[in-house]
Structure formats: structure tokens, C-alpha cells
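Please look over the structure shown below before reading the notes that follow.

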Amino acid sequence: MPHPKTVEKMFECAGPIEYKLLPRLIHVTEAAAIAAAYQMGRGDKHFADQVAVASMRRMLNKLDMQGIIKIGEGERDEAPMLYIGEEVGTGVGDLEVDIAVDPLEGTNLCADGCPGSVAVMAMAERGGIFHGPDIYMDKIVVGPDVVRYEKEHPDERIDLDAPVRQNLEIVAKALGRNVEELVVVILDRPRHAQKITEIREAGARVRLVTDGDLMPGVATAIRGSGIHMVMGAGGSGEAVLTAAAIKILGGKILARLVLPSVANGKSKEKIQEEIEEKMPRLEKMGITLEKLNDVLDTERLVPGKDVIFSSTAVTPGHFLRETRLFGGGDARVHTISMGASGAVRFTDSIYIKDKQETPLYL
Ligand code: VTB
Ligand code: MG
Ligand code: MG
């Protein structure tokens with residue numbers, strides 16, 4: 001028998017961050033997406049990013065919380081706003097919040113007017129989001145069916161170091177499919193050439209994306225999205241944001257920090273340069289060269305309990321409609337937002353000032 005008070009129960013079990021900030025978080029990603037949408041297709045990815053960052057920051061600073069950016073636009077010296085460690089919010093109230101942001105994920109996609117760019121953000125209680133550097137993470141992302149399958153078959157688990165074929169076979173079994181019926185999303189980069197070949201040789205189908213492997217990661221936890229797995233090395237911030245959504249949706253991510261120079265096969269000198277440049281900062285975060293190789297699972301990336309996530313599409317998404325601009329600043333935006341209670345919302349928000357000028361339509 002379904003519980004007749006499902007919504008009431010969920011309302012009760014939402015933590016203070018979900019209860020107080022999730023409705024606001026939707027506005028934060030919506031505002032950033034609208035700002036970016038005005039720059040869509042103009043060919044200037046830096047400016048598109050800049051307006052999204054500024055808008056997201058203004059919105060965040062209106063929220064009653066003591067927020068800290070845990071993973072964001074980069075280090076303080078290179079990112080003037082929403083850098084790792086920046087404090088945001090009014091400081092009013094007792095909500096201490098860790099934040100992961102990517103105000104415009106897929107800047108190239110937005111600048112080129114191509115599908116896949118979003119404004120995205122996650123929050124959790126203090127200590128609830130991985131505090132890490134802005135480098136790469138190699139990763140595997142799968143949905144809740146795989147987690148259930150692993151529980152039923154404890155010796156068959158997704159493993160970041162296992163052969164690609166082995167992981168694909170587990171995902172296929174978990175989904176009741178053949179490997180040939182799987183779709184794996186991976187960034188189209190020379191660093192993934194070997195992996196792409198291995199996925200294809202195992203028989204699975206590959207969907208290459210020029211940018212933006214965050215939302216495909218979320219899509220692995222949504223049946224009907226047509227995406228079953230995400231693999232490959234991308235931004236560490238993007239991986240943490242994926243982890244926040246995937247944790248709420250019951251899926252799983254395995255990740256490992258990797259220096260871009262290593263992932264992209266640069267020369268020994270270049271690698272050494274990057275080690276010298278970045279390791280002191282990483283060590284301050286408790287990440288030594290050996291620890292760099294640790295496998296980070298969903299819990300390590302997002303240990304928080306009161307986790308919330310919101311993502312608004314700028315250009316058409318894998319399962320979201322693009323931001324549409326009407327006359328005079330009016331806009332319509334499509335967002336997926338969710339909280340640890342299990343409340344997931346797809347919101348189609350319409351902001352119109354002059355109802356006679358811009359009547360509502362379905
Ligand atoms: C990754 C990916 C992102 O940038 O961070 C990628 O997760 C960075 O990789 O979705 P490169 O340095 O090879 O471009 C995105 O594609 C866009 O932020
Ligand atoms: Mg960004
Ligand atoms: Mg990004």
C-alpha cells in the first residue's frame with residue numbers, strides 16, 4: 001500500500017538545508033542560466049562564463065547562510081569570484097553550508113550555441129562536500145540499478161582499475177541488457193582514445209561529447225535518458241557535482257584525482273612543472289602525491305547527509321529544455337533540482353513582467 005502521506009513524510013525528513021535552501025537554489029541556477037543564455041552563440045565563452053558567475057554569486061549572497069565554496073571556479077589568484085574558499089551568503093542564521101559550483105558548465109557549448117551547457121550547483125552541511133583542487137578526476141558513473149546489482153552480487157563490483165569490458169558487463173547485467181545495448185558517454189579527447197577503443201571493442205556504443213560530461217553522469221540515474229554509463233577524465237569540480245546528484249538519486253561514482261598534464265600525456269618536464277606548481281597547494285588540503293591515487297567513492301566526494309542539487313539548462317540538454325528568452329527580459333527555464341529526502345523536481349519556470357505583452361502559453 002502506498003503511504004497516503006508520502007509528501008508529508010518527505011517534507012518531514014528533509015534536513016534544514018533542503019527545507020530552507022533548496023527552493024532558493026533553484027533561483028540561483030535559473031538566474032545564472034538566464035544570464036548565460038543572453039551570451040549563447042556569441043562566440044565569447046569567457047564573457048558567457050563571467051556573467052553566469054557574477055549572477056550566481058549575487059544570488060548566493062542573498063541567501064541566509066554561512067556558505068563556503070568547496071569546489072568552484074578555481075583558485076583565488078586566478079578566479080576573482082566563487083573561488084575555492086570564498087565565503088558566500090548573508091551570514092545570517094545558523095546554516096553552515098559547503099558549496100560546489102559550476103555557474104556555466106560547458107562554456108564552449110554555450111558560446112557555440114550547442115546542446116549541453118548548464119548552470120549547476122550543489123550544497124551540503126559543513127564537511128559534506130569534498131574539499132579538493134581544481135584539477136581532473138578520472139571517473140566511472142553508473143545509476144542505481146548497478147548499485148542494487150552490486151548489493152545482490154558482492155563479488156561483482158564496478159572497479160576504476162578493472163578492464164573496461166568487465167565494468168561494462170556488470171552494468172549490462174544490472175540493466176538486463178547486452179553490452180551491445182549500452183550507451184557510454186565520454187569526452188572526445190585524445191587522452192581517451194585507448195578507453196574509447198576498449199569500450200567499442202567490448203561491443204558497447206559510445207556517445208562522444210565535445211564538452212559537458214556532468215549532466216550525462218546525472219542521466220545515468222534516470223531511466224529513459226538513454227545513457228547508461230559515463231567514463232573518463234574531466235574536471236574535478238564537475239565530478240563532485242555529479243557525485244552530489246548521483247548520491248541523491250542512488251547511483252554511484254568512482255573517481256581518482258589526476259593532474260591534467262598526466263592525463264593528457266604531456267612531457268616529463270611539463271608533468272614535473274605541474275607537480276611543483278600544484279602539489280604544495282594540494283598538500284595543504286591533505287592530498288599528498290600518494291593520496292592523489294586514492295579511489296574516491298560517492299561517500300568520499302559527498303559525505304553530506306543534507307545534500308541538495310540544482311541544474312538549469314542554458315542550451316538544450318540531455319533531459320532538460322533550453323532557456324528561452326522572450327521580449328524585455330522575460331524568460332522560461334527548465335531545471336532539475338533535488339534533495340536528500342528523495343524529492344526530485346523538474347521545474348518549468350516562466351518569468352514574465354508584462355502579462356499582456358507576453359501571455360502564458362503551454
Ligand atoms: C571536463 C568536463 C566538462 O570540461 O571538465 C572538461 O567534465 C575539461 O576537460 O564538462 P578538458 O580540459 O580536456 O577540456 C568540460 O567539458 C566543460 O567544463
Ligand atoms: Mg565553470
Ligand atoms: Mg565546467
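Ligand 1 is surrounded by Glu105, Gly106, Leu187, Arg189, Asp211, Gly212, Asp213, Leu214, Gly234, Gly235 and Glu238, where a residue is near a molecule if its C-beta atom, placed from the backbone, lies within 6 Å of it. By class, this shell has two nonpolar, four polar and five charged residues, with Ala, Val, Leu, Ile, Met, Phe, Trp, Tyr, Cys and Pro counted as nonpolar, Asp, Glu, Lys and Arg as charged, and the others, Gly among them, as polar. This is a predicted model, in which local features need pLDDT of at least 70 and side-chain atom pairs count only at pLDDT 80 or more, while totals for chains, interfaces and linings use all residues. Residues are numbered from 1 along each chain as its sequence is written, and chains are lettered from A and ligands numbered from 1 in the order in which they are written.

**Domains**

- The domain assignment, which is automatic or taken from a database, gives domain 1 (6–126 + 305–351) and domain 2 (136–301).
- The C-alpha centres of domain 1 and domain 2 lie 23 Å apart.
- The contact between them takes 22 residues from domain 1 and 20 residues from domain 2, two residues being in contact if their C-beta atoms, placed from the backbone, lie within 7 Å.
- On the side of domain 1 that touches domain 2, there are 11 nonpolar, nine polar and two charged residues.

**Two crossing helices**

- The axes of helix H5 (residues 144–152) and helix H6 (residues 164–175) come within 8 Å and cross at roughly 95 degrees; axes are lines fitted to C-alpha atoms, for helices over the stretch in contact, and angles run from 0 to 180 degrees between N-to-C directions.
- H5 and H6 are therefore roughly perpendicular to each other, a term that covers 65 to 115 degrees.
- Helices (H or I, at least four residues) and strands (E, at least two) are DSSP runs, numbered from the N terminus.

**The sheet**

- Six strands form an open sheet of mixed pairing, in the order E7-E6-E8-E5-E9-E10, and two strands pair if DSSP finds at least two bridges between them.
- Strand E5 (residues 136–142) and strand E9 (residues 252–258) pair in the antiparallel sense over seven bridges.

Key:
Angles under 35 degrees count as roughly parallel, over 145 as roughly antiparallel, 65 to 115 as roughly perpendicular and the rest as oblique.
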